[in-house]
Amino acid sequence: MRSAEVAAAVADAHRREWAYVLAATVRVTRDLDVAEECVQEAYARALTAWAAEGIPARPGGWLTTVARRRAIDLLRRDAALRRSLPLLIEDEAAPGPEDEAASSCGPGTWARPGPGMPALDLTDLPVVEGAADDRLRLIFTCCHPALAPETRVALTLRLLCGLTTAEVARAFLVSEPTMAARITRAKKKITAARIPYRVPPPAELPERVDAVLTVVHLLFTTGHTAPAGADLVRRDLVERALDLARMLRLLLPDDPDVASLLALILLTDARAAGRVGPDGRLLLLAEQDRAQWDRAAIDEGIALVRQGLRRRGPGHGPGRLPGRYPLMAAIAAVHSGSPSWADTDWREIVGLYGLLAERWPSPVVALNRAVAIGFADGPAAGLAALDDLATEPQLVGYGYLPAARADFLRQLGRLGKARLAYEEALALTDNSVERDFLTTRLRQLDQP
């Protein structure tokens, strides 16, 4: 088989199957670094094995089998070494109870079998068992309260979702070396703290679920508009986020934030078919054919928005603002529920963004509110609101800020400054579809 076909199949399996393969392997190793090493080796072996034997019908199953067998081999080798050490090293004294306790740990913790633990026969473990449960275990492990909130999200995006460190760094608006160091520290802390690999009991869920929702939301936004590459959307990430949101909804059916995040994903993704034209050109919301939107997803999302706004979770008592996910879902509902661009209630959207900024202050929320102000009150008002964010450190490398400024400047006829803003946005944009759009806009500035 041609190497190009095999490479493409392995790349596709990495996008689609990474989470399943890693989560199933962690179940065996109870060690993130070892599991990741085994999975990476499985993908490397696939390049040669599939070229010789053909691409398997179930690439995920093949990769999981290879990764788990490698993990079992490492565990057996480690166990054999532990058994042999007493024969190679002459102890000065027999181990006491304290030594026995120190070398063992409870079930489900991040440690390999010690001298005081019973031997495990891993040969009978099924290749793929409870893939959804494995992913939930992994995501809750990565989102343990012992880790800093930003670290929980970054680690889960890297391990569960298979994003590169550069992609995770871009999602957090930080440098790649900073994110690499953060992920490394998180792995070490999980091992040192022996954080359990399990879905937490109901009493612990409220404090854990917000970090999980943040992970799923960032995963969706990364897939909805890919940071880099030839495609505007990474469907594999979008579908993975939707799948995780539905699983969380089953796990926490009464949580308003869970319902609202699912609503946000459904309402936003319902517009996917209209975002790119037949010629591959990016279509703005005003240009999209709304007949292509998924009405069933919109109806389901709007029903969930109503549920999320009616209910109140922890910290959402009477008189308090709804959580950030109900507010974001409400904004998406205004967009998706509008019959046309002209009928969009921009003042309501500005008001919802104002509430969201109170509930969840964020430079990106402020940026979105500024753009909405421009649509509600005119480009001059929008530009003024954007210029107030010019010194915001987290937006310095964020391409959507100069892109939004360029559009308002173009509408105001300030073409020289618009050109500079488009060029800045291009320098900060790696997605090919978005780059083509910005390039076209820049070229149009020279036309009558």
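## Trp 341 and its loop

Trp 341 lies in the loop that runs between helix H13 (324-337) and helix H14 (346-359), where helices (H or I, at least four residues) and strands (E, at least two) are DSSP runs numbered from the N terminus. At 27% relative accessibility Trp 341 counts as partly exposed, a class that sits between buried, under 20% relative accessible area, and exposed, over 50% (1.4 Å probe, protein chains only). This is a predicted model, in which local features need pLDDT of at least 70 and side-chain atom pairs count only at pLDDT 80 or more, while totals for chains, interfaces and linings use all residues. Residues are numbered from 1 along each chain as its sequence is written, and side-chain values use heavy atoms, with hydrogens and water left out.

Leaving aside neighbours within four places in sequence, Trp 341 is in contact with Leu 285, Ala 286, Arg 290, Trp 346 and Phe 375, contact meaning heavy atoms within 4.5 Å. Trp 341 and Gln 288 are 53 residues apart in sequence, and their C-alpha atoms are 8.8 Å apart in space.

## Overall composition

The protein has 19 helices and two strands, and buried residues make up 48% of its 448 residues. Among contacts between residues at least 6 apart in sequence, 68% join residues at least 24 apart.

## Helix H1 and its partners

The axes of helix H1 (residues 3-29) and helix H2 (residues 32-53) come within 9 Å and cross at roughly 145 degrees; axes here are lines fitted to C-alpha atoms, for helices over the stretch in contact, and angles run from 0 to 180 degrees between N-to-C directions. The contact of H1 with H2 has 19 nonpolar, four polar and two charged residues, where Ala, Val, Leu, Ile, Met, Phe, Trp, Tyr, Cys and Pro count as nonpolar, Asp, Glu, Lys and Arg as charged, and the others, Gly among them, as polar.

H1 also packs with helix H10 (residues 235-251), at an angle of about 35 degrees and with the axes 9 Å apart. In this contact, Arg 15, Arg 16, Glu 17, Trp 18, Ala 19 and Tyr 20 of H1 meet Asp 236, Glu 239, Arg 240 and Asp 243 of H10, a set that divides into three nonpolar, no polar and seven charged residues. His 14, found in H1, is partly exposed with a relative accessible area of 29%, and, not counting residues up to four places away in sequence, His 14 touches Tyr 43 and Gly 162.

## The pair H18 and H19

Helix H18 (residues 415-427) and helix H19 (residues 432-444) have axes that come within 10 Å and cross at roughly 165 degrees. The two are therefore roughly antiparallel to each other, a term for angles over 145 degrees, with those under 35 roughly parallel, 65 to 115 roughly perpendicular and the rest oblique. The crossing of H18 past H19 is left-handed. Arg 419, Tyr 422, Glu 423, Ala 425 and Leu 426 in H18 meet Arg 435, Leu 438, Thr 439, Arg 441 and Leu 442 in H19, and these residues divide into five nonpolar, one polar and four charged.

## Cysteines

With a disulfide defined as a pair of cysteine sulfur atoms within 2.5 Å, the count comes to zero disulfides. The sulfur of Cys 143 is 6.5 Å from the closest cysteine sulfur, in Cys 142, too far for a bond. Cys 143 is buried, with a relative accessible area of 0%, and Cys 38, at 1% relative accessibility, also counts as buried.

Terms used: Left-handed = near helix turned anticlockwise from the far one by under 90°.
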